[in-house]
Amino acid sequence: MSLIEVRDLERTFVLRRRSGGLRRAPSTVPAVHDLSFSIEAGEMVGYIGPNGAGKSTTIKMLTGILVPTSGEIRVAGLEPSARRTDLARRIGVVFGQRTTLWWDLPLRDSFGLLQKIYRVPDDRFRRNLDEFLELLDLGPLLDTPVRQLSLGQRMRGDIAAALLHDPEILYLDEPTIGLDVISKGRLREFLRTLNAERGTTLLLTTHDLQDIEALCRRVIVIDHGTAIFDGPLTDLHRQGGSTRTLVVDLVDAGPAIEVPGAVAWKVEGPRQWLSFPADASAAPIVAAVAVAYDVADLSIQEPAIEDVIRDLYSATEPRP
Amino acid sequence: MADGSLGVLAPARSYVDIAVLWVRAAWAYPTSFLMLILGSLLITALDFVGIWVMFASIDTLGGFGLREIALLYGATGVGIGFADTLIGSVERIGIYVRTGRLDQMLTKPVPLLVQVCADQFTLRRLGRISQAGIVFGWAATYVDWTPARVLVALMMVVSSTVIFFALFTGFSCIQFWTTDSSEFANAFTYGGNTMTEYPLSIFPREIMLALTFVLPIAFVNWYPCLYLLGREDPFGLPTWLQFCSPIAAVVSLAGALLIWRSGVRHYTSTGS
């Protein structure tokens, strides 16, 4: 059996909206609908979708915080909502926008509390802590109260906190949200190491396709509560036909750039926008532009998840 | 929600482990820790002075003298002090729901109630407990102690703690349904405490009956103190009620735990 199994999962929410006067009419809103997937031990899976697609709702059901309306979930052979506390020892959860650490305590005390909560034996706690402090560069911050940490530092602290009890599965809900490029890079590096060396299964929700590109061979795309794609990232781009954009600032304004493999679709004075397939390498295009034109600056824009999903829909669904 | 091989005492051990770490963390700033306790001792000390002053112009209240009232006052104060210490953050459960802290706790392998109670554990009520303890100790010199009375007194301290703990927990659960209702809960907990600082004989019979059979606050101190003082029940209720505090404690705790469970179930099934 797979480590995570989800079959025909449904979750509806009852909303009470004011409908004139004091009466509040309840209406049912599906958050997750007909969702099925399975994840093997050791996989790194990206779980992506626009806001409100049902990503967090799924994570909450996988961790046992939320009871499904119907359908079946098995995580490590357990039904999460019924065996929540047992399951808790085997999973780690990081919510990117909230911290599990205690605001007023130094990191050291937060880790100490978690050791007590998970009953991690002293020697294993020491070993794990030393390793994570080293890999996440947290050593110098150990005595700083959490409220004084930067967002990136706090996130690293949260990730260490989620791993002290050696979970088999780590759920990350938007782990890189709000982080700068360097912090993002470090975090991805750490997660790769974690997966390679400890075999920890990773499921991360994100808005940042680069997180997925750097980490996950497999992506599940969810929209309106249901999976609309499940497979390798390259297939996602191919299926959706999504494109990346190369923004070129020339020294002088000129006619549209012509290079093989890319199409200029917008020209605004010296700035031009070229699009090329998302699964193609940017290097030869950049090189070709640099050789033929006088370039002041270059940047590459990744496709936004919303665009990828929109493209995916237009590619998979028959047009009316 | 069995806790594996560690048995029924595992949650209690987790509670103590977590609470000790919080106390140690607070001790990192010993001055502010001591000021906090001293401050609460001073504030609560003035509280009893109010009753004292009242007795400058009256001899008895509801048929009870100053020392008898001090006994009632001290007993309920110790009980609510211990309970308030033990419940920790239960009163703030609504904030935990709103900030998502509750979700974090639900992913941890310790029963939720233990985590909420132990979270931010503080000894700030130590001042309250000592003040009430001193008042009780002074009044106790007036009691004609027998082994049975010592036993009833000990049961009273434990039962009153449990009853207040149950009231705090049960009423805080309303916050699972409406997150801003902590004031409503306070009306019953601190309100109940205030009522029991006086002899219940000053209230109408109906209120006394309600405090016996609906919200069992009368068992916190009233009935056991009647026995300690060797007094007839002013309302003519049977003497055996004076030994029923532990039963009231068990019943109210069971009720509170049931409400807690349905509150958590409501939360995990609506995800509000």
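Reply: Let's begin with strand pairing: two strands pair if DSSP finds at least two bridges between them. The strands themselves (E, at least two residues) and the helices (H or I, at least four residues) are DSSP runs, numbered from the N terminus. Please keep in mind that this is a predicted model, where local features need pLDDT of at least 70, side-chain atom pairs count only at pLDDT 80 or more, and totals for chains, interfaces and linings use all residues. Residues are numbered from 1 along each chain as its sequence is written, while chains are lettered from A and ligands numbered from 1 in the order in which they are written.

Chain A contains 10 helices and 14 strands. Its domain bounds come from an automatic or database domain assignment, which gives domain 1 (4-237) and domain 2 (243-302). The C-alpha centres of these two domains of chain A are 37 Å apart.

Strand E12 (residues 262-268) and strand E13 (residues 271-277) of chain A pair in the antiparallel sense, with five bridges. Across this pairing, A:Val267 stands opposite A:Gln272 of E13(A). Two residues lie between the strands of this hairpin, where A:Gly269 has a positive phi near 60°.

Six strands of chain A form an open sheet in the order E5-E6-E7-E3-E8-E9, with mixed pairing. At its edges are strand E5 (91-95) and strand E9 (226-232) of chain A, each of which pairs on one side only. From one strand to the next, the twist averages 15°; for angles like these, axes are lines fitted to C-alpha atoms, for helices over the stretch in contact, and the angles run from 0 to 180 degrees between N-to-C directions.

Let's zoom in on E5(A). Which way do E5(A) and its partner strand E6 (residues 169-173) of chain A run? They run parallel, joined by five bridges. Among the paired residues, A:Val94 has A:Leu172 in E6(A) as its bridge partner, and A:Phe95 has A:Asp173. Helix H5 (residues 151-163) of chain A packs on the sheet, touching E5 and E6 of chain A, and its direction makes about 160° with that of E5(A).

Is E5(A) buried or exposed? A residue is buried if 20 or more other C-beta atoms lie within 10 Å of its own, exposed if 12 or fewer, and partly exposed in between, with C-beta atoms placed from the backbone. Five of the five residues of E5(A) are buried, so the strand is largely enclosed by the rest of the structure. Both of its faces are covered, with A:Ile91, A:Val93 and A:Phe95 buried on one side and A:Gly92 and A:Val94 buried on the other.

Helix H1 (residues 55-63) of chain A is mostly covered too, with nine of its nine residues buried. Among them are A:Lys55, A:Met61 and A:Leu62. Across chain A as a whole, 41% of the 320 residues count as buried.

E5(A) and H1(A) also bring us to the neighbouring chain. Contact means that the C-beta atoms of two residues, placed from the backbone, lie within 7 Å. On that basis, 23 residues of chain A are in contact with 19 residues of chain B. On the side of chain A that touches chain B, two or more residues each come from H1, helix H2 (84-88), E5 and helix H3 (107-118) of chain A. H3(A) gives the largest share, six residues. By class, this side of chain A has 11 nonpolar, six polar and six charged residues. In that count, Ala, Val, Leu, Ile, Met, Phe, Trp, Tyr, Cys and Pro are nonpolar, Asp, Glu, Lys and Arg are charged, and the others, Gly among them, are polar.

Last, a word on confidence. The model has an ipTM of 0.81 and a pTM of 0.84. The pLDDT is the predictor's confidence in each residue, from 0 to 100; chain B averages 90, and 97% of its residues score at least 70.
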